[in-house]
Amino acid sequence: MLSLFSSSFLGSISTHVDPELPFISLSKGLELNTLRTMSQIIPRALENPHQPFIVLSGPSFAVELMDKLPTAMVVASKDKKLASAVQQLLASSNLRISTSSDVTGVEIAGALKNVLAIAAGIVEGMHLGNNCMAALVAQGCSEIRWLATKMGAKPTTLAGLSGSGDIMLTCFVNLSRNRNVGLRLGSGEKLDEILSSMNQVAEGVSTAGAVIALAQKYNVKLPVLTAVARIIDNELTPKRAVMELMNLPQVEEV
């Protein structure tokens with residue numbers, strides 16, 4: 001279920017939902033107009049602040065899971081017993097499941113890595129080289145960490161499966177929808193043409209729209225992620241974005 005449309009859908013079925021029914025969210029995005037994550041959207045839409053909630057995330061392409069290739073993911077919930085129960089339910093000889101109580105960190109990393117993957121695709125599409133790719137992804141990881149920790153996430157979460165793990169998969173592998181959007185943008189295609197030709201959704205496109213608002217709300221500078229948002233909004237060309245990023249003041253690494 002897309003985070004973009006979840007509120008209206010859940011509101012329409014709220015009277016039929018058991019108030020003790022656990023929800024497992026696989027959505028990796030934000031509600032654009034409110035900046036809410038699924039852990040905030042679900043209880044509001046269902047009018048039940050105590051609706052049990054778990055987020056499942058991590059580096060996992062569905063096609064490889066279906067082929068029973070080794071995969072590791074993380075389930076996060078403020079209810080440790082519920083997280084453990086879901087861990088036991090989903091774990092198998094091909095799928096390792098770790099638990100976490102850091103719902104915010106897992107959700108924000110899962111949403112913003114899609115935006116970073118668009119940036120990585122743009123670098124690939126412009127043929128800017130491996131040095132540039134490494135620098136961009138490293139900077140993007142830092143930006144996600146800066147914002148997520150301001151929102152209450154644990155830094156260790158951003159270095160784990162739902163953070164660095166999912167970022168690596170989404171930024172560097174051709175199966176990534178968001179990376180492919182960036183690849184085509186970097187190659188000179190228009191966003192409308194790219195989206196109309198796709199039969200799947202790249203959530204990083206809609207999530208990018210929330211980046212500037214989040215940066216302002218939490219007073220965090222996010223040059224790479226903000227550049228993607230401006231490219232998506234047609235305020236900036238990929239070539240100009242690279243020039244602006246390379247001309248930023250030289251700083252101490254943090």
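1. Helix 9, residues 177-186, has N178, R179, V181, G182, L185 and G186 as buried residues; buried means under 20% relative accessible area, exposed over 50%, and partly exposed in between (1.4 Å probe, protein chains only). Viewed down the axis of helix 9, these buried residues fall within an arc of 155°, so they line one face of the helix. The arc is taken from the directions from the helix axis to the C-beta atoms. Helices (H or I, at least four residues) and strands (E, at least two) are DSSP runs, numbered from the N terminus.

2. This is a predicted model, in which local features need pLDDT of at least 70 and side-chain atom pairs count only at pLDDT 80 or more, while totals for chains, interfaces and linings use all residues. Residues are numbered from 1 along each chain as its sequence is written, and side-chain values use heavy atoms, with hydrogens and water left out.

3. The buried residues of helix 9 pack against helix 5 (103-125), helix 8 (161-172), helix 10 (191-196), helix 11 (203-217), helix 12 (223-232) and helix 13 (238-246). Contact means heavy atoms within 4.5 Å. After helix 9 comes G188, with a positive phi near 105°.

4. Helix 5 and helix 11 pack with their axes 8 Å apart and at an angle of about 105°. The two helices are therefore roughly perpendicular to each other. Axes are lines fitted to C-alpha atoms, for helices over the stretch in contact, and angles run from 0 to 180 degrees between N-to-C directions. Angles under 35 degrees count as roughly parallel, over 145 as roughly antiparallel, 65 to 115 as roughly perpendicular and the rest as oblique.

5. On the helix 5 side, the contact is made by A111, L112, N114, V115 and I118; helix 11 supplies E203, G204, V205, T207, A208 and V211. These residues comprise seven nonpolar, three polar and one charged. Ala, Val, Leu, Ile, Met, Phe, Trp, Tyr, Cys and Pro count as nonpolar, Asp, Glu, Lys and Arg as charged, and the others, Gly among them, as polar.

6. Helix 11 also packs with helix 12, at an angle of about 120° and with axes 8 Å apart, which makes helix 11 oblique to helix 12. V205, A208, V211 and I212 of helix 11 meet L225, T226, V228, A229, R230 and I232 of helix 12. Eight residues of this contact are nonpolar, one is polar and one is charged.

7. E47, although not a glycine, has a positive phi of about 55°. E47 lies in the loop between helix 2 (38-46) and strand 2 (53-57) and is exposed, with a relative accessible area of 70%.
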